[in-house]
Structure formats: C-alpha cells, structure tokens
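I am opening a notebook page on side-chain contacts.

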Amino acid sequence: MLEIRDLNVKYGHFTALRGVNLTVQSGEIVVLLGANGAGKSTLFRTLSGLQRPSGGSATWNGRSLTTGRPEVNVANGVAQCPEGRLLFPELSVEKNLRLGAFVHRRDASGTARELERVYELFPALVEKRGAPAGSLSGGQQQMVAIARALMARPQLLLLDEPSLGLAPLVVEQVFQAVQRVNAEGVSVLLAEQNAFAALGIAHRGYVLEGGQITLDGPQQALMTDDRVRSAYLGV
Ligand code: ATP
C-alpha cells in the first residue's frame, strides 16, 4: 500500500503541503480533488522522488519514496503520468512508449510483451504506432501518456489531471481505460479537478485545499457531501 504520513513540503518559506496523511490500498482507485494550486502536483512530484519533503514520510509497500532517486521509485513499482502529458511530440508513439520502459531496458522480451499489453488496452494506438505523438488528438495523446507510464510495469500509477483539456466524451474514454488498468491489478492515485468523472471511477477520495487534506471518505460520501458538491461538482 501507499502510506503518506504527516508529509510537509516547502518551496523556500512557502509551505505547499502541510501534514498530509493519505493511503492507497492495493487494488484501489483513490481520487485527490483539489483546485489549481492546492498542491496536487507537488504531492505527485514528491511521491516520484523529484521533490524532497521537509518532513514526514511516504512509502510504497514499506519502501521509502522520498529518499532515493526517481528511477528507484519507478523500479520499485511507482510510475507517474504527469500533468500536461509531457510526450516527445516529434517521436513516434511507439518510441514514446519504449521510453517508459527505461528501467527495464535490459529486458527486451518483457518490454515487447508490455507493448502488446498496452496496445490491447488502447487499441486506438495500434494504427498510430508509427505516427509522431504530437500529431494525435488530445485524448489519444493522454492514452499514450498513460500507456508510457504502464510500460514501467507499475503497481501504483500516479495520474495527474488526465482529463485536462479533453472533451467530456473523451474524458469518459480515458477514465474507462483507467478502470481497465485498475482491473488488471494496478492501484491508482488520481489527481483531478474534474470531480464528477473522477468520483465516478474512484473507490475513495481526499480533498486537498491550500496544501492540507480537509476531507476524505468513500466515493458515495464525497459525491453527496455539500462542500464537494458546491466546490467541485458545481451544484
Ligand atoms: P495545478 O493543477 O495548477 O498544477 P496543483 O494543485 O498541482 O495545481 P501545485 O503545482 O502543487 O498545485 O502548487 C502548489 C503551490 O505551490 C502553489 O501555490 C504554487 O504556486 C506553489 N509552487 C509550485 N511549484 C513551486 C516552485 N517550484 N516554487 C515555488 N512555489 C511553487
């Protein structure tokens, strides 16, 4: 499981995360709701080993995520699909996917198997495998970004705002893909502003405001919570 305890992260004197406690059990989809600037990306960067906390801890199956190099976290089963996708637009879809398997670079046959698996998950990418990633639609690019993270064979997938900038129908397709990934055994922590779609697929969730967790609970409880409904569901 992912276990975050009393996590604090500062940028200089500014405290971006304060006393964050959060867990993701094996097999869960957990949503992290928060407005722009709440600290979602900071949390993900910390879990990826890109940002050092000033206090607290984060572990995946007992292994620290906050003390080693980022590639060690990936090798230990935690992969991030960053906000804004960060694909290499000039490179082909398949080259982008292969870059995700960097930590398994000595295992060519394993990477070939994983490529087949992600093409099964995202059939729309098969005919685009030779096309520059930048030529794909926004939804397809998001699928490439998720597939690239899966190429690292993670047990925990960190998904930062996958619905950003996508039309509602495409958001639905992307979230269905996330559910399929989860059904295949990958735990998911999903940061989103699109609470409606995210709560639709999550088992549990947390609300992050100004760097602090202000609310948490099972999907149904958050869906019907007045604060969530007014702040994130627009009702
Ligand atoms: P968004 O969805 O806009 O990325 P977020 O919830 O992911 O929002 P963060 O990007 O984690 O929020 O930012 C949290 C806070 O930390 C914001 O107030 C932001 O201005 C600040 N912040 C982020 N990165 C830095 C940095 N490198 N230096 C100083 N402050 C930063």
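I looked for aromatic pairs in this predicted model. I found zero of them in the structure. A ring does come up in another contact: R105 lies over the face of F102. I noted 4.2 Å from the ring centre for R105.

I placed L91 in the loop between strand 6 (78–81) and helix 3 (93–100). L91 counts as partly exposed because its relative accessibility is 32%, and buried would need under 20%.

Then I went through the salt bridges. The count comes to 10. I looked up K40 and E161, whose side chains meet at 3.3 Å, N to O. This pair links distant parts of the chain, 121 residues apart. K40 is in helix 1 (residues 40–47), and E161 is in the loop between strand 7 (156–160) and helix 6 (168–183). I checked their cover: both K40 and E161 are buried.

Which residues are linked with E94 in a network of salt bridges? I found R98 and R129. The closest N and O atoms of R98 and E94 are 3.7 Å apart. Both lie in helix 3, four residues apart, about one turn of the helix. For E94 and R129 I noted 3.0 Å between the closest N and O atoms. That pair links distant parts of the chain, with R129 in the loop between helix 4 (108–121) and helix 5 (138–150).

Last, I compared accessibility within the network. E94 has 17%, so E94 counts as buried. R98 is partly exposed at 43%, and R129 is partly exposed at 31%.

Conventions. Residues numbered from 1 in each chain as written. Predicted model: local features only at pLDDT ≥ 70, side-chain atom pairs only at ≥ 80, totals over all residues. Heavy atoms only, no water. Phe/Tyr/Trp six-rings, centres within 6.5 Å; stacked < 30°, edge-to-face > 60°. Lys NZ or Arg CZ within 6 Å of the ring centre and 35° of its normal. Helix = DSSP H or I, 4+ residues; strand = E, 2+ residues; numbered from the N terminus. Buried < 20%, exposed > 50% of the residue type's maximum accessible area, 1.4 Å probe, protein only. Salt bridge = Lys/Arg side-chain N within 4 Å of Asp/Glu carboxyl O.
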